[in-house]
Amino acid sequence: GKKFVGDLGADGTITWQETGQVFNSPSAWATHCKRLVNPAKKSGCGWASVRYKGQKLDQYKAAWLRKHQPNAPPAEEVGSLASEGEEEEMPEEEEEEATREGRAPVPEPAAAKKPEERSKKQHGDGISCFADHGPPGKRLESKPRVPVRYCTLGTRDSARNPQTLVEVTSFAAINKFQPFNVAISSNVLLLLDFHSHLTRSEVVGYLGGRWDTNTQLLTVLRAFPCRTRLGDAEAAGPVEEPYYHGNPGVESKIAPFWVMPPPEQRPNDYGIPMEVEVAYIQDGFLTNDVLQEMTLLVEFYKGAPDLVKFQELWSQDQTYLDKLKGSLASRTPKDQSFTHILEQIYSLLKLSS
C-alpha cells in the first residue's frame, strides 16, 4: 500500500527521490523499498513492481525482447517475469547483488546506535522542552523567534546562527514514507512533561530505549532529565531548541522530530527536520526510577528564581499546579496505587515555590 517515487535514468539506473540513493536495477530498488515496509521480505522481480508512465517495466522488457530477440523463448518461460500478486523468490546471489547495488543505504535513526558507537561519533541526541506557563494562547519567550522554512536555508554556512529555528516537515506533505516507527512509554512522557513544567527556563535531557532491526521499531523506554542550567549563551550552543507556538489547552503538546540526512550527492546541505509519527504505550504503573527522578528534579529547582510558582493562577480558575495535574492526567498509569505518591510530590512543589 506504499508508493515510492524515483527517477529512471537513461542508463537504466533509478534514483530514489526521497534520499537521492542510486540503484543499478529495478530489482535492487524494489527490494530495498519492500524491505522498508516489511523487513522480512525476500521476494524480488522489481520489473513487475515498478511502473513507468503507468505501465509495468516487465511489459517494456517483454516488448523489447519481442522486437530485438524474436527467436528467444517467451519471458514467462524463463522465469524472469512475475505478476505483482505472485512474486518470485530471488536467488541468493541475485539478492546479494541487489543489496550491493543500493550504493547509499538508508542510515538508521541516531538513537539506534550502540552506546559505544555514539560516544565515539557524537555526544548524543538532546531533548529540550517548554511548558505553557503563560496565560492560554500567549508565548512565554521574551524575544519571539520566527522559524524559517527548510527551503530557505541553502547549503551550510558558517555565518548562519546555529540557533536558527527551522520548521518541521511532515512526510505526508512531501509524499514521503517515514523509514522507521517510534513508540514511547507513557512513563517517559510523564517525566518529560513534569520536568518542563517546573521552570520558566528551557529544559533538556536524554532518551533511551531499544532499536529492533527486524521491525524497524525504535521504542523509547527511559527518560534521563538533566539537572543543569542552560541559561548562559555559551552553554546553549549544543542544545537543539524546539519551537513553541503557544498552547491554549491544559495538556502539553510533545512533538518528536527526526533530522533526515541530506542526499549523499549533496553533503553540504542541512539535514531536514521531519515530524515523526509516534505510537504511545500505556504503562500499568509508575516505576521507582521515574518517582526518584521527579523527586530529584523538585530538589534541584527548589528556591531557584525561575521556579514556577505553583500556587499562583495560570488562568482565571486554575493554578499552575492544576494545570500540571491536568497535563499529567493523560500520562498517568492505570494503577491508582501511586496517586498518593504523586500527591506527595505535588506537596513538595507547593513548599518549594
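Student: At what angle do helix α7 and helix α9 pack, and how far apart are their axes?
Tutor: The angle is about 10 degrees, and the axes lie 10 Å apart. Helix α7 covers residues 288–301 and helix α9 covers residues 339–352. Axes here are lines fitted to C-alpha atoms, for helices over the stretch in contact, with angles from 0 to 180 degrees between N-to-C directions.

Student: What am I looking at, and how are residues numbered?
Tutor: This is a predicted model, where local features need pLDDT of at least 70, side-chain atom pairs count only at pLDDT 80 or more, and totals for chains, interfaces and linings use all residues. Numbering starts from 1 along each chain as its sequence is written, and side-chain values use heavy atoms, with hydrogens and water left out.

Student: Are α7 and α9 parallel or antiparallel?
Tutor: Roughly parallel. That label covers angles under 35 degrees; over 145 is roughly antiparallel, 65 to 115 is roughly perpendicular, and the rest are oblique.

Student: Which residues make the contact?
Tutor: From α7, Leu 291, Met 294, Thr 295 and Val 298. From α9, Ile 341, Leu 342, Ile 345, Leu 348, Leu 349 and Ser 352. Contact means heavy atoms within 4.5 Å. The α7–α9 contact residues split into 8 nonpolar, 2 polar and no charged. Nonpolar takes in Ala, Val, Leu, Ile, Met, Phe, Trp, Tyr, Cys and Pro; charged is Asp, Glu, Lys and Arg; the others, Gly among them, are polar.

Student: And α5 with α7: at what angle do they cross?
Tutor: At roughly 5 degrees, with the axes coming within 11 Å. Helix α5 spans residues 186–198. So α5 is roughly parallel to α7. Among the α5 residues in contact are Leu 190, Phe 194 and His 195. On the α7 side they include Glu 293, Met 294 and Tyr 301. The α5–α7 contact has 9 nonpolar, 2 polar and 1 charged residues.

Student: Switching to strands. What order does the open sheet follow?
Tutor: β7-β12-β11, with mixed pairing. The edge strands are β7 (169–170) and β11 (257–260), each pairing on one side only. Two strands pair if DSSP finds at least two bridges between them.

Student: Which sense does each pairing have?
Tutor: β7 and β12 (residues 272–275) pair in the parallel sense over 2 bridges. There, Thr 169 stands opposite Met 274. β11 and β12 run antiparallel, joined by 4 bridges. Val 259 has Pro 273 as its bridge partner in β12.

Student: Which β11 side chains are buried?
Tutor: Trp 258 and Met 260, which point to one face. Buried means under 20% relative accessible area, exposed over 50%, and partly exposed in between (1.4 Å probe, protein chains only).

Student: How many disulfides are there?
Tutor: The count is 0. A disulfide needs a pair of cysteine sulfur atoms within 2.5 Å.

Student: Are Cys 151 and Cys 226 buried or exposed?
Tutor: Cys 151 is exposed, at 67% relative accessible area. Cys 226 is buried, at 19%.

Student: Where is Thr 319?
Tutor: In the loop between α7 and α8 (320–329). Thr 319 is buried, at 18% relative accessible area. Beyond its neighbours within four places in sequence, Thr 319 contacts Phe 310, Gln 311, Glu 312, Leu 313 and Trp 314.

Student: Last one. How many helices and strands in the chain?
Tutor: 9 helices and 13 strands. They are DSSP runs numbered from the N terminus: helices are H or I with at least four residues, strands E with at least two. Of the 353 residues, 39% count as buried.
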